[in-house]
Amino acid sequence: MNLLYTSDPERGRIWRDIFGQEAGDIDFIEPPQPYDPASIRYLAAWNPPRDLIANLPNLEVLFSIGAGVDQFDMDGLPSHVDVVRMIEPGIVGGMVEYVTMAVLAMHRDLIAYREAQRAERWSPIKLVPARQRRVGVMGLGQLGQAALAALRPFGFALSGWSRSPHEMEGVTCHAGPDGLDAFLANCDILVCLLPLTPETRGILNRDLLGRLPRGAALINAARGGHLVTRDLLALLDEEHLSAAMLDVTDPEPLPAGHPFWTHPRILLTPHVASMTRADSAARALIANIRRHQAGAAMDGLVVRGRGY
Ligand code: NAP
Ligand code: GLV
């Protein structure tokens, strides 16, 4: 039973130890270690070269190292190969921290104060109570739900939007294209935690962002491909949007001179909202391999045609 791992070598060392201690029947293989391609049933990777997969005739499951699977060329994958995204507490914990930080930063006008400080201007802004601040999260999956649960104790007026209907205590849930207008009209702070799919690419565009209340702020912690750069810049210039906090961009890293680097109303972080935690991810992966061996449903199995 062989697992091929092609990603960060530091994580690879930790995974090899954990597999050795807790799943000795699974051979953990990491190139340049030699292996027989026909022996590989499982591949754990972030962005594997296309020819690698084509040369693994008995591959059954491709496990993503992270929560996203948009980095995979789904069309180039044999149809019998299952794709599984990473569900593990380290990713969730990091995103909960990031979204909480970003929502509080927008709620408490951090960007305006950063500008004021640079101008040596002492100018307090009237406090808005959290219950009067409407926070909406696009995507009610593992990350969207965890972020909303963490925001609840602050007392924000919370809502969420997803493809299929959901129910969450303390959160007004909307679904599908029909639910989008009502959702957007009630977001002073919009958080994107959608997967990047053919349906969601470019979704943060002038049409959608223009339906937010005037002065709303945007937080994108999902993928750079969700956001249309020129539309965000225009809506900030027109003061329809007040601020944006972006953890993800397209491309990454941003090229020198890109307007996001220096925009006074944009706060940037370099795709660090959350990171796969080596120890908990190894255990989540072992648990999923065990499910697969037992013929049970794996956590995070991607519906290939849907893209997430
Ligand atoms: P997930 O569990 O698969 O949840 C996805 C959510 O998005 C679901 O609620 C789904 O609706 C909704 N959705 C998908 N397509 C939609 C559409 N067309 N319209 C409306 N809603 C739609 O994903 P996750 O694990 O929470 O992760 C979300 C994304 O976060 C990842 O794909 C990745 O891109 C990003 N991420 C970023 C970082 C970072 O460091 N910046 C770290 C981890 C993940 P249903 O519930 O109805 O299916
Ligand atoms: C990071 O962006 C992930 O998808 O886990």
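A pocket is an open set of grid points where a 1.4 Å probe fits, with protein on both sides within 12 Å along at least five of seven lines, and its lining residues have an atom within 4 Å of a point. In the predicted model described here, the second largest pocket is lined by 15 residues. Met 74, Leu 196, Thr 197, Pro 198 and Gly 307 are the lining residues that lie nearest the centre of this pocket. Its volume is about 300 Å³. By class, the lining comprises five nonpolar, three polar and seven charged residues.

Ligand 1 was examined next. The shell around ligand 1 consists of 28 residues, and the closest of them are Leu 140, Ser 164, His 166, Asp 247 and Tyr 308. On its own, ligand 1 has 940 Å² of accessible area, of which the protein covers 94%. Helix H5 (142–151) and strand S7 (157–162) are the elements that give two or more residues to the shell around ligand 1. The residues of this shell divide into 13 nonpolar, ten polar and five charged. Ligand 1 has residues of both domain 1 (2–88 + 276–294) and domain 2 (90–268) in its shell, and therefore the shell lies between these domains.

The surroundings of ligand 2 are formed by Trp 46, Gly 66, Ala 67, Gly 68, Arg 223 and His 271. In this shell, two residues are nonpolar, three are polar and one is charged. Contacts from the backbone are made by Ala 67, with an N or O atom 2.7 Å from an oxygen atom of ligand 2, and by Gly 68, with an N or O atom 2.8 Å from an oxygen atom of the ligand. His 271 contributes through its side chain, a polar atom of which lies 2.6 Å from an oxygen atom of ligand 2. Ligand 2 taken alone exposes 190 Å², and the protein buries 85% of that area.

The backbone geometry was then considered. The peptide bond from Pro 31 to Pro 32 adopts the cis form, with omega near 15°. Pro 32 belongs to the loop between strand S2 (27–29) and strand S3 (40–45). A cis peptide bond also joins Asp 250 to Pro 251, where omega is about 5°. The position of Pro 251 is in the loop that runs between strand S11 (241–246) and helix H9 (259–262). Glu 120, although not a glycine, has a positive phi of about 50°. This residue is found in the loop between helix H4 (110–118) and strand S6 (134–138).

How values were computed. Residues numbered from 1 in each chain as written. Chains lettered and ligands numbered in written order. Predicted model: local features only at pLDDT ≥ 70, side-chain atom pairs only at ≥ 80, totals over all residues. Heavy atoms only, no water. Near = heavy atom within 4 Å. Polar contact = N/O pair within 3.5 Å; in protein donor to acceptor, adjacent residues only side chain to side chain. Areas by Shrake-Rupley, 256 points an atom, 1.4 Å probe, with all protein chains shown as cover. Nonpolar A, V, L, I, M, F, W, Y, C, P; charged D, E, K, R; others polar. 1 Å grid on protein atoms, 1.4 Å probe; cavity = no way out; pocket = protein on both sides within 12 Å on 5 of 7 lines; lining within 4 Å. Points joined across faces, edges and corners; volume = space filled by probe spheres on them. Helix = DSSP H or I, 4+ residues; strand = E, 2+ residues; numbered from the N terminus. Domains from an automatic or database assignment.
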